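The following exercises are to be worked through with the sequence and the model at hand. Each task is followed by its solution in steps.

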Amino acid sequence: MLKYIVKRILLALVTILIICMITFFVMHAVPGGPFNREKALSQATIDALNARYGLDQPLWTQFVNYMKNLLHGDFGVSLKNGREISDIIKESFPVSARLGLTAMAFALSIGIILGSTAALMRNKWPDRVIVFFSTLFTAVPSFVLATLLLLIFSIKLGWVPVWSATETHYLLPVMALAAYPMAYTTRLSKTSMLDALGQDYIRTAKSKGVPKWKMIFKHALKNSLIPVITYAGPQIAYIITGSMVVETVFTVGGIGTKFVSAINNRDYTLIMATTIFLATLMVIATMICDILYKLVDPRIKYE
Amino acid sequence: MGNDKMPKKNPLSAQINLSKFNSFMFEKASDEEKRQQDVMSESTTFFKDGMRKLFKNPLAVGSIVVLGLILITIIVAPMIVPYHYEEILSVDGVRDKGAKNLAPFTYSKLEQQYIDNGGYRFPHIFGTDEQCRDYFVRVVYGTRVSLIVGFFASIIVLFLGMLYGSISGYLGGKVDLIMMRIVDVIYSLPDMLIIILLSVVLQTILNFSPGSLLASLGTNMISLFIVFGLLYWVGMARLIRGQILSIKQNEYILAAKSIGAPTGMIIKRHILPNCLSVIIISTALQIPSAIFTESYLSFVGLGVQAPMPSLGSLANAARGGLQSYPYKLMFPALAICLIVLSFNLLGDGLRDAFDPKLKK
């Protein structure tokens, strides 16, 4: 087990390093530096700026310097407005994180309940209704859903104010974010619940006379959660970070919006810092999830 | 005792020693006995059987019909509708400035005048957009673009994934280990972040000589394909490698090997048919996910180039006038949902029909 954990951590480290390299070198392949403005700067000014930010050194040296600073927790400063990037992340990440975690908690709990209900009432009307809606919602892109929600609840009905950066109005973005993972979790947990219900240990439990609720909660549900856990880990990280579209629609000042605007501004350091930060988060989430997965299910062999 | 015409009987084999018999010892089969040998039902192949099951599934048939209708619409509609997707409307050569944001099936003042004077204008089925362009044609072209992106992206993914996965699966050992570590790393890259990063960069780097085929497709489209090709093949490669590895372990492969079947035959008869279903299913499911990703990118403003519409960019453009013209969001959004839903249902149907593990 220890061997597996060490191996998994090593893989995560290599992945993070490669992400840093890809981000760094890909960003530097773009023609046009950060100092390209509509109003051209004089060559002397550009040289001075390049020297100021160390952009005149060879790429590898720049990369090594960057990594060194990164290890000291220094993300550098934004090339556009000179702000500390760690400040920008500190300020925008909690917004995205809270939004994403709320959405994911919502999606997982509702999804597991709906999926298990559908499996337990197989081929009856609740099953059909749940399957119908979960199939439907996996086909709706979140930006469409987000825009529709905004249109119906904020503009037409006026029930929920258009995003105003206060905590009480998370409802619409959370719904838009949660719809897809909820539909997916429902389908996933339905399949795995059906699978678990068909196992021999359920028959054993039944023949022992275990009460139905106990059988469902103690034997079937527990086992049916394994695929859901594998899905949930990376998805949590993805939803925290990948909510750019929903953040754009609701104009939430989260890290997703910052990332998109940094790309449009060619703000190298901010792009790199955001990518590396988000990617590291995702890689670590996946890693923890993989390790947990093996701990939870002893049937899986350690490679 | 040796009969020269008969092959020598191996002492332990169960083969009947024909030298002990002569023609008098056999009697002819009666008609009734012959009839027993008739094949009761037509022999089916794996493919035929799967197709039969697929066409029994109403959801799958429904989604095939919907996709067929969409396909016919996007092929036929541009031939019938006299407008072009980047054409700014004009009447009799005069630019029609009033044809802005028309509601479906309405005409602008200038057009109405023209019709009253006996002229003919083709109706604007979905109305017009804020730049006086026919919206129906734009949605049709957007659907075309989205479908093309989805289709080609999944072909690229399929090709790369199959090649890599099968090499890794067949060779096994150290090669497999190294190839799979590479896949692990690419797989754990956060795809959306890297896709956005790459499409930003590729759009500025790629330059095609004007007039060439690549240039007419547009750099954004090409960069989309490259991005899909670079990132999404790993899922397919993993899947195919896993399939090949698990199929290789099966007893029937061992049996085939032990009776001396050549490797080519084992691959053709035993491994490929068992892989094929998984490949078909995941390709069918890859198309909607590519369409999804393309529409996200277009929505964020990184998709196909400006005059060319895609469903995502149309939806994004519709956000501006959401309050006054909500139907403009509905058309492209409905198109995306219908296409993705149909492909998902078709993929599910294909899985039910073709997955050998689900056979009863």
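**Exercise 1.** State how many helices and strands chain B has.

Step 1. Helices are DSSP runs of H or I with at least four residues, strands are runs of E with at least two, and both are numbered from the N terminus. Step 2. On this basis chain B has 14 helices and two strands.

The model is predicted: local features need pLDDT of at least 70 and side-chain atom pairs count only at pLDDT 80 or more, whereas totals for chains, interfaces and linings use all residues. Residues are numbered from 1 along each chain as its sequence is written, while chains are lettered from A and ligands numbered from 1 in the order in which they are written.

**Exercise 2.** Determine whether B:Arg138 is buried or exposed, and list its contacts.

Step 1. A residue is buried if 20 or more other C-beta atoms lie within 10 Å of its own, exposed if 12 or fewer, and partly exposed in between, with C-beta atoms placed from the backbone. Step 2. B:Arg138 is found in helix α5 (residues 135-171) of chain B. Step 3. Because 28 other C-beta atoms lie within 10 Å, B:Arg138 is buried. Step 4. Two residues are in contact if their C-beta atoms, placed from the backbone, lie within 7 Å. Leaving aside neighbours within four places in sequence, B:Arg138 is in contact with B:Tyr85, B:Asp129, B:Arg133, B:Pro309 and B:Leu314.

**Exercise 3.** Which helix gives the most to the side of chain B that touches chain A?

Step 1. In the contact between the chains, 32 residues of chain B meet 35 residues of chain A. Step 2. α6 (173-187), α7 (191-205), α12 (263-300) and α14 (327-354) of chain B each supply at least two residues of that side. Step 3. α7(B) gives the most, with 10 residues.
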